[in-house]
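Work through the exercises below with the sequence and the model open. Each task is followed by a solution in steps.

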Amino acid sequence: MLNERNWIVTETCFDPKSQNHAETIFTIGNGYLGTRGAHEERYPGEERTTFIHGVFDDVPIVFTELVNAPDWLDLTLNLGGEWFSLSEGEILAYQRQLDLRNGLLSRRVEWRSPRGACWHILFERFASLTNPHLLCQRVTIKAFEDTTLEVRTTLSGDTDNLNYKHWEWIGQGFGQNSAWLHLRTRSTGIELGAATRLSILGGQKLRQTAWDTRNAPTLVAATQLKSGDVVEIEKITAFYTSRETTDPQSAARRALESLPVSAWKGLWESHARAWQREWEACDVVIEGDDRAHLAVRFSLFQLLAAAPRQDERVSIGAKALSGYGYRGHVFWDTEIFMLPFFTYTRPEIARNLLSYRFHTLEGARKKARENGFKGAQFAWESAATGEEVTPTWVPHPTDRTRLIRIWTGDIQIHISADVCYAIWQYWQATGDDDFMIHRGAEIFLDVARFWASRAEWNAETGCYEFTDVIGPDEYHDHVDNNAYTNALARWQLLTALKVMNWLQERKPDKAAALRRLLELDENELARWREVAEKIYWKQDAASGLIEQFEGYFQRRQIDLQALEPRTQSIQSLLGIEGASEANILKQPDVVMLAYLLPELFDEKTLRANYEYYNARTDHTFGSSLGPAIHAIIACRVGKPDEAYQHFLRAALADLEDVRGNAHDGIHAASAGGIWQAIVFGFGGLKFEPEGPKVNPCLPRHWRRLKFRISYRGQPYEFDLLNSPAGGKGG
Ligand code: BGC
């Protein structure tokens, strides 16, 4: 992948072997849907996939998944009697580009057909940001002889999720140059209306027909060309679902009927302006490091492309809308890794994402109830309803005869505090009292109630404990008193009490209503404080070291350096049990805590824990969530070079596929972490009572770092220059 001016991701050759990685990279989206970068014409092994936010359907093992929508990309070209395909004839020139400024995906091909005819073809597509129901395609074709051109486009409802089919056919039909299709998901009954319109502008029209094939209505248009003629094919597709309207099929048809005959230009102009406004709020500029600069913008682009702007009942999954990994499920990735970017640049989007947790509270209450607890216990993996959807068993990656038990859905409980952490951060940054009054407070109180009911009193130690949990480091499960979980639980309980006091003063009616709704009394509030104050906590007074969980220091010591160079994770090398018995971490845990609750770490403690755990973390093949956080803490302990190494691991996870799994979709948490590494790591941003302040720690070779944030309704821009000697900027 090359870059031009750090805005454009470029592919210079067609390589079928890496097509799935390229599909991820060339994903476009508009916050309503995301479409992987499959080509218009089909190739074996491709994953032509569109995910629409909130369109989930049931599936074995993983419970529910985002459904692959009908394919809106399909467009086959018959050029003078020969089918256009990159696998045939000769590719004389090829360039595919994603313009991050505006989400235009284009592909320029000069092709010599098997028979020897030359063609210049430019494919372009975008998913409108102004009207997210509209998807636009244009193909510009130049002929070099007198010839014919036929275009076929099928609106296929026969799509699947890696061979699993979700759609039932309801109906289809045709209008003026257009076709429509009406479908319904098998289990959840979500209806989808799709309509598409095809026109050829230029040439001498030969015919325009439609093929009424069931579940695959097809439009066909043909034209006569003279040598040197340039024609434009314009195709606009509309998608609506029953999540937005009662009659999605008519809505999709109407959306097309209201467009002018040639719609591309008008739609493009408003779309490009909308993207420009997005970047005005959040662009990051790095001078002196083009590779990092492009990678940062790519990450922000993918987050913006997946960010729900019109819908507060959905959230962003671990792979955003760009691939099948984790099936569209939502994790702590959103609140802890992605959300800060939105909170500090696009707070309206952050509000939508947090509202998703409010709307799914019932699912969290159900989970708590079923586990024998009170209050709200958020699902480790969440989808439409907030119920737990983590698969219980998955096939072993190498031994097909074995299944692996996945425990995260049962015992990775820190997520309930993480959700509250993000609400608190949003509230501090925006001052959005309305959100706290009407949504945040209820979540806070019900989560506190969960923690208090989950805590176990240990008479011997005189502490409340959380036993049998998984902390952020998933190489170790069934552990007791994970420091991260305990500290976040304590923070959550104490902060819930603050929220309650604030609400009582600010909106006594609402406070009383919540007390009634949740049946909260003074005794219970008093218990929250009692639990919080006595939660198990162990820290070595001399060294400042915090033990990740009880007994961690006794785990088998492994020298990571001795295992280098590696091509696989420590878990793959040692096996699940082997990794669990060892002291190696999949991702920051105590270091994660140091990032989220810095007040618990003085300088010495921070350095001691960073040094200790950094040396024992599987940075290259552990979790992609880790490196950005390590980069931030490395900055805080004054190690910009080490920070930069960590940062690059995160920044290149998608564009350069450093983990070898980008074909499953982008690493959305890492993308959010990259922004945090820029702003809170290299930029050293902190919020003082007088306002935001920076304390930069730029990598030596960066000449300049510029970023913008919004804080309490005010825009701030920071322009940090590296002094020639390196180190601090100003
Ligand atoms: C990580 C989790 C993360 C999940 C989804 C796992 O591999 O360990 O922290 O939430 O992936 O990205």
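The model is predicted.

**Exercise 1. Overall form**

Task: Compare the radius of gyration of the protein with the value for a compact globule of 730 residues.

Solution. 
- Step 1. The rule for a compact globule with 730 residues gives a radius of gyration near 27 Å.
- Step 2. The protein has 27 Å, so the two values agree.
- Step 3. Along the principal axes, the C-alpha atoms fill a box of roughly 90 × 60 × 60 Å.
- Step 4. Buried residues, those under 20% relative accessible area, make up 62% of the 730 residues.
- Step 5. Among contacts with a separation of 6 or more, 67% come from residues 24 or more positions apart.

**Exercise 2. Surface and charge**

Task: State how much of the accessible surface belongs to carbon and sulfur atoms, then describe the charged side chains.

Solution. 
- Step 1. The accessible surface comes to about 27300 Å², and 48% of this belongs to carbon and sulfur atoms.
- Step 2. There are 81 positive and 97 negative side chains.
- Step 3. The centres of the two sets lie 3 Å apart.

**Exercise 3. Backbone exceptions**

Task: Most residues other than glycine have a negative phi, and most peptide bonds are trans. Examine Asn163, Asn215 and the bond between Glu564 and Pro565 against this background.

Solution. 
- Step 1. Asn163 is not a glycine, yet has a positive phi of about 85°. Its place is in the loop between strand 13 and strand 14 (167–175).
- Step 2. Asn163 has a relative accessible area of 71%, so Asn163 is exposed.
- Step 3. Asn215 is not a glycine either and has a positive phi of about 65°. Asn215 lies in the loop between strand 17 (204–211) and strand 18.
- Step 4. The relative accessibility of Asn215 is 16%, so Asn215 counts as buried.
- Step 5. The peptide bond joining Glu564 and Pro565 is cis, with omega about -10°. Pro565 is in the loop between helix 13 (522–533) and helix 14 (570–581).

**Exercise 4. Asp664**

Task: Is Asp664 buried, partly exposed or exposed, and which residues does Asp664 touch?

Solution. 
- Step 1. Asp664 is in the loop between helix 18 (640–651) and helix 19 (668–682).
- Step 2. With a relative accessible area of 32%, Asp664 is partly exposed, because that class lies between 20% and 50%.
- Step 3. Leaving out residues up to four places away in sequence, Asp664 touches Thr24, Lys319, Gly323, Tyr324 and Gly325.
- Step 4. Phe358 is 306 residues from Asp664 along the chain, and their C-alpha atoms are separated by 29 Å.

Terms used:
Residues are numbered from 1 along each chain as its sequence is written. This is a predicted model: local features need pLDDT of at least 70, side-chain atom pairs count only at pLDDT 80 or more; totals for chains, interfaces and linings use all residues. Side-chain values use heavy atoms; hydrogens and water are left out. The radius of gyration is taken over C-alpha atoms; the globule rule is 2.2 Å times the number of residues to the power 0.38. Buried means under 20% relative accessible area, exposed over 50%, partly exposed in between (1.4 Å probe, protein chains only). Contact means heavy atoms within 4.5 Å. Accessible areas come from the Shrake-Rupley method with a 1.4 Å probe; for residues, only the protein chains shown count as cover. Lys and Arg count as positive and Asp and Glu as negative; His and the chain ends are not counted. The place of a charge is taken as NZ of Lys, CZ of Arg, CG of Asp or CD of Glu. Helices (H or I, at least four residues) and strands (E, at least two) are DSSP runs, numbered from the N terminus.
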